[in-house]
Amino acid sequence: MASIALTSSCSLGFGAHRPSLRPRPLKPTVPLSSSLLSRSAENRAFQLKSNAAVAVAARLLSPLRNPASKYGAHRSLAVKAAASAPGTAASPPSEPWQGAAMKPLLASIATGVILWFVPVPTGVSRNAWQLLAIFLATIIGIITQPLPLGAVALLGLGASVFTKTLTFAAAFSAFGDPIPWLIALAFFFARGFIKTGLGNRIAYQFVKLFGSSSLGLGYSLVFSEALLAPAIPSVAARAGGVFLPLVKSLCVACGSNVGDGTENKLGSWLMLTCFQTSAISSAMFLTAMAANPLSANLTFNTIKQTIGWTDWAKAAIVPGLVSLIVVPMLLYVVYPPTVKSSPDAPKLAKERLEKMGPMTANEKIMAGTLLLTVGLWVFGGMLNVDAVTAAILGLSILLTTGVVTWKECLAESVAWDTLTWFAALIAMAGYLNKYGLVAWFSQTVVKFVGGLGLSWQASFGVLVLLYFYSHYFFASGAAHIGAMFTAFLSVASALGTPPFFGAMVLAFFSNLMGGLTHYGIGSAPVFYGAKYVPLAHWWGYGFLVSVVNIIIWLGVGGIWWKAIGLW
């Protein structure tokens, strides 16, 4: 029995060694029956030991992934014992799932399927309704992110082609649109800006002048962007080519990086602030956004009145300045940076600048290329050079001189991902308009609001809100203006709204509504693509800022417009 006890004890001791099956030498005085009993007991013990080792190995298999654990060596031997036991085998650990997150994916698909089988409203074509179902399913997927954004958008395009809702050429038509490429080019510029050290040099200059507080640093960027707004008519070029590289360099210089848990130190607040205020500055000047002249042109065609540059700036300057002051402070309160003051930062920035020494050759090339590109953005209208052509010229110089290599451009995965999903949304939103869904929606709204019997002020308020928040379905300000501006202005005028006043307000809001999403205006994919702000925060704070902007522009702006005789 002692033999049984000893054998059992060894097998339960994590299988450290396998005791011999040979019985110990017996004394002559021990009867043969005792020897047989001992041998039989040892056989039973061996069986017990094997079973116990298998059980122990199975129970301890997951901790064996860390061989440095306290009992790692003992457990490793236990697995060997289990593997050698008859009829047993150690299974390798399963690979983690690399595919889509199933719950968000099913939610996205369910949204599309349900809407697909809803009866098509009168006046809407079957193709338009099917495309709406796919578009909304794609938007849900972009919000919940079962896959990266580019992959979700590609699934949406695939569904539209597979169901014959769009042809292949139509589904991928927006990849020839200049705006997604301009945004991608902005990321390549940012790579050169940071790689050469020019971004750090300019960032340290900003910190030296304004860096004693995060709020001061933010306001310096906000008003710098607003000063450039009337000179650079592309908000995507202004945000991506000039301010994204600078903001990223500032974040890095202040120790706020993507992926290491320091995003909220400065970068999250600064990126969101610069994005939201870029939509505000675009609303302040006729030449601050590429689609603003379209609003002016449609106004003339509808009410035969001209919106001049001075008219626009005069009406927008007061509510615009109030928004530029209030919005950064609001975000500073609700989405604050963890580092709010740094009194030693200017001194440290000065020391860093001294250590950097004079500009390198690559910095000078980068600075010259940037000045050339911005110059073409400012004066491109006179030279017949559009924004994306100027950006391609600038990138060509950087590639030719080796300041940025093509391999580095290919490595900018965020740029290619942004190009993919933004082009996909532009294509689907554009064909919703071509298929007549947007026109049907506008007419339905017009009939609904006209039948309420409200005063012109209340009716116009309802129209403005519907116009503003319908931008969730658009990936381009120009597309939204082209599809809905004329219809809403016509109805507002018919209901008693002063026509010129109605046109100006709709024109301003055609810019402000771009702050709702990460695809609603040219600067949105640029700043969102920096990956400092999670998508849920981007949409949530976008809605909050939209409410504040509406209050400011209709409240403060309404008083100002009354004072200048706009209504």
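## A tour of the salt bridges

Start by selecting E412 and R191: their side chains form a salt bridge, with the closest N and O atoms 2.7 Å apart. The pair links distant parts of the chain, 221 residues apart. E412 sits in the loop between α18 (406-411) and α19 (413-434), while R191 belongs to helix α8 (residues 178-195). Keep in mind as you look around that this is a predicted model.

R191, with a relative accessible area of 25%, is partly exposed.

Next, select E408 and K195. Here too is a salt bridge, and its closest N and O atoms are 3.0 Å apart. E408 lies in helix α18 and K195 in helix α8, so this pair ties together parts that are 213 residues apart in sequence. Is E408 buried or exposed? E408 is buried, at 18% relative accessible area, whereas K195 is partly exposed at 40%.

For the last stop, pick E363 and R201. Their side chains meet in a salt bridge of 2.7 Å, N to O. Because E363 lies in helix α16 (residues 361-383) and R201 in helix α9 (residues 198-210), the pair ties together parts 162 residues apart in sequence.

Methods. Residues are numbered from 1 along each chain as its sequence is written. This is a predicted model: local features need pLDDT of at least 70, side-chain atom pairs count only at pLDDT 80 or more; totals for chains, interfaces and linings use all residues. Side-chain values use heavy atoms; hydrogens and water are left out. A salt bridge is a side-chain nitrogen of Lys or Arg within 4 Å of a carboxyl oxygen of Asp or Glu. Helices (H or I, at least four residues) and strands (E, at least two) are DSSP runs, numbered from the N terminus. Buried means under 20% relative accessible area, exposed over 50%, partly exposed in between (1.4 Å probe, protein chains only).
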